[in-house]
Amino acid sequence: MKAVAARSRGVTTGQVLSFLVLFGVSDWVSAAIRYAIPEEARRGSAVGNVVADLALDLGRLPDRRLRVVSGGSKKYFRVDLKSGALLVSERIDREELCGAVSPCSLSFEIVVENPLELYSGSVEIQDINDNDPVFPSNQARLEISESVAPGVRFPLESAQDPDVGINSLQTYQLSANRHFVLDVQTRGDGSKYAELVLEKELDREEQRELHLVLTALDGGSPPRSASVQIHIDVVDANDNAPVFNHSTYKASVRENTPSGALVARISAYDLDDGPNGDIVYSFSSHTPAKVRELFALDSATGELRVKGQLDYEETKLYEIYLQAKDKGVVPGVAHCKVLVEVVDVNDNAPEVTVTSVYSPVPEDATPGTVVALLSVTDLDSGDNGLVNCFISPGIPFTLSSSLKNYYTLKTKDALDREEASEYNITITARDSGSPILSAVKHLLVQVSDINDNAPKSLQDSYDVYVPENNAAGIPILNISATDPDLGPNSRLSYVLLQGDPAVGRLFSINRENGTLYLLASLDHEDQVEFSMTVQVQDSGSPPLSTNLSIGVFVTDLNDNAPAVLYPRPNATSSYGDVVAPGTPAGHMVTKVVSVDADAGYNAWISYTLLQATDPSLFSVGLHSGEVFTARQLHEDEAPRHTLVILLKDHGEPALSASVTVSISVAETVKEALIDLTDVAPAHDPRRHVTFYLILAVILVSAAFFITIVSVGIFKCYKWRQSKELFNSSRSTLYRTPGPFHHIDAVRGGFTPPSFYHQVYLTTDSRQSDLLCKKPFTSSPLGSRQNTMRNGEPGLYHPIVGTASRLPTPAELASARAAPPRTPDPSGSSGAQGRSCCPERSEAGACRYLLGRGGGGEGMSDLLLCYPVERPRPQLLPVGSSLG
């Protein structure tokens, strides 16, 4: 045994029996290797250096997780990761593994990961002479008639040796005697059996019995042997022995033939009569016990039937030796051989073995990524053992074969975890037998997530409407976004991008749930609309984000009462508006100019005469604020009248303000001023400033008047040249022919000193247009047209300042002599369609409020102009219906 082991190590060391067989090249299987070792090798014995033979990097083996995969419950081999040697890890008994099959091989696979590679290999288990030949019994008994002629053969029991090759049973030896010689025969499967050949006639009277020794020898070195004692009884003669019709019978039977099925019928005859001619059939003495278990022989009829379960995969051909013996005193014996061929049937379904699975698979895995390695076996032969594997259609995987009975499961298309997070792949192996047998293997492949989806929201932009004067810290919007990814790839965070500094000061967003909070109270009059961008970002690597547009619109509340611009509230004035006695009804005396900072209905102002010295003398336009004479003024009217006018908007609830208007009834302005001197002026700490301001206004007005006169003379000259007739009912004192449609004037002497605004000059206040807002529902998209503040010079656009001179008595008389003008009910204006402001920006429109100067019809009208933002309000003429 030691010599054999030493020789085996020499063979392994020299790598005489180690070689590399290349099969088809694939992406994961590159070669197959074969080795040979003797059986019963000690554990830890080296088979060969697989790392060197496969040209692998020994230093990378620990990281690549090399392992040996073999079929069966026992793992006969392992790999030493330090040396790369394939070592024996279990006792290997060739006879237990393969029996009489030769050569005997153990297949194994070597799986190497990172990257995934598979190498197949086999180890041939060489037989050693570790088994003695064995006879079925320790002795054998033969009865031979003395009448048997020389040359007759007598089969002897065969010895069994589980070794193969040269170590199996090779020959028999017979002890020395003078009657028999030994003839050693070879069966078709290579096994040996012995027959006694009578060389010299027996003489019962000379020797009644013989004792021989039969020795079986194998071919080992040294050879092993076994012996059996042969006891021969010499009996009286039986002249005729049975004779078989055929020396050899042939039969074929399917391996799935049921027990009791007839295999063959043998027949022999004997010419003797009586018991010497009665034949009994039986198995020969050297028939193996395995054959006796599988077949049954009828001793009377010679029918050979199936007794046990035949298996083509175990034995393909049986040689059955039978004998026929008569019932004579010295029975005659005849022998024949029955060859039973076992026909293969498809009785073994394929078997699918998963050797390695790469799961989960990233959803960004490229097509062709190896997912699993499979091996398929079928114990049948021919077409019955030809196996094809396939997977169910409609999945992004494909199955391909690179070596016989080895398959690779790969990705065929791109994976999407959001569409399918796992695949339960059904692998079907089907052979080509009849009937077809198949096996099913289920393989669960999971798909791992990557950050390939940006956050999504149901809408790209949000519009939020918030009433002004809101409470601080309230939530105004909950942004809802989703991400179909998993884990950190779907964990969202919300960030308010800092574009406008006011947005970062007024708004805040919850980073976790996307709730937008308003941090401070908003004012519609300060800012109507806020635009901001919210970035929704996941926590993947790299992170993906989506930007959402948020528009916050501040809706208006009626939180501003009307503000009076003219006459100046609480202003100290030494004069009021003047109207001459005899003024007819419908004459506009003055106008209340007001503004409401709100929007829509909240800024629509109505004027009501709340209190008057003589309620029958004056009336107020409901929507214009113009004060008209309700009847003709008489000479005996009171010289001074005080009107209290109520201004009320249309908000809910409505807000109001009041203003006091003083009107003097006098023939001339100077008279009105003389009347006003009786009123003691109130103490004004700014009276010196007012004086200088009035003086400056007078000087500027004088210069402006000279300019107007010069221009008027020039225009008259041009008019006379063109002989155009200029017909107008307006006062020539304030006519501005030609392009002079807009001028700025300060009502020096008749207007409070602190009232400096841009005005619009016309010759008839009854034909001036007032720009009003049509009522509409308050909307955050509405224009910010009422943002004017008193005392903010930035909202006005002065061009030229001037002061009106005092009319002379002749001019006043001429004005009284002119025919009276009645108010136009429609409120239409001859100046309609002209721009209210001298200059306009691209982004703005204009709004003006008309006022009435004092001193009768000859005085100028006031037009207050200031810019407003788009979109424009609808223009309505004064006096038109608001419905």
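A disulfide is a pair of cysteine sulfur atoms within 2.5 Å. In this predicted model, a search of the whole structure finds one such disulfide. The bond is formed by Cys-98 and Cys-104, whose sulfur atoms lie 1.8 Å apart, and the link between Cys-98 and Cys-104 is right-handed, with 65 degrees about the S-S bond. Both Cys-98 and Cys-104 are buried.

Cys-389 is buried, because its relative accessible area of 13% falls under the 20% limit. Cys-716, by contrast, has a relative accessible area of 39% and is therefore partly exposed, since that class lies between 20% and 50%.

The UniProt annotation, from an unreviewed entry, assigns a transmembrane region to residues 691–714.

Tyr-607 belongs to strand β46, which comprises residues 606–612, and Tyr-607 is buried, as its relative accessible area is 6%. When neighbours within four places in sequence are left aside, the residues in contact with Tyr-607 include Val-592, Ser-594, Val-620, Leu-622, Ile-645 and Leu-647. With Ser-594, the side chain of Tyr-607 makes a polar contact of 2.7 Å. The C-alpha atom of Tyr-607 is separated by 8.7 Å from that of Glu-626, a residue 19 residues apart from Tyr-607 along the chain.

Methods. Residues numbered from 1 in each chain as written. Predicted model: local features only at pLDDT ≥ 70, side-chain atom pairs only at ≥ 80, totals over all residues. Heavy atoms only, no water. Buried < 20%, exposed > 50% of the residue type's maximum accessible area, 1.4 Å probe, protein only. UniProt positions renumbered as here; feature names shortened; annotations may be inferred. Helix = DSSP H or I, 4+ residues; strand = E, 2+ residues; numbered from the N terminus. Contact = heavy atoms within 4.5 Å. Polar contact = N/O pair within 3.5 Å; in protein donor to acceptor, adjacent residues only side chain to side chain.
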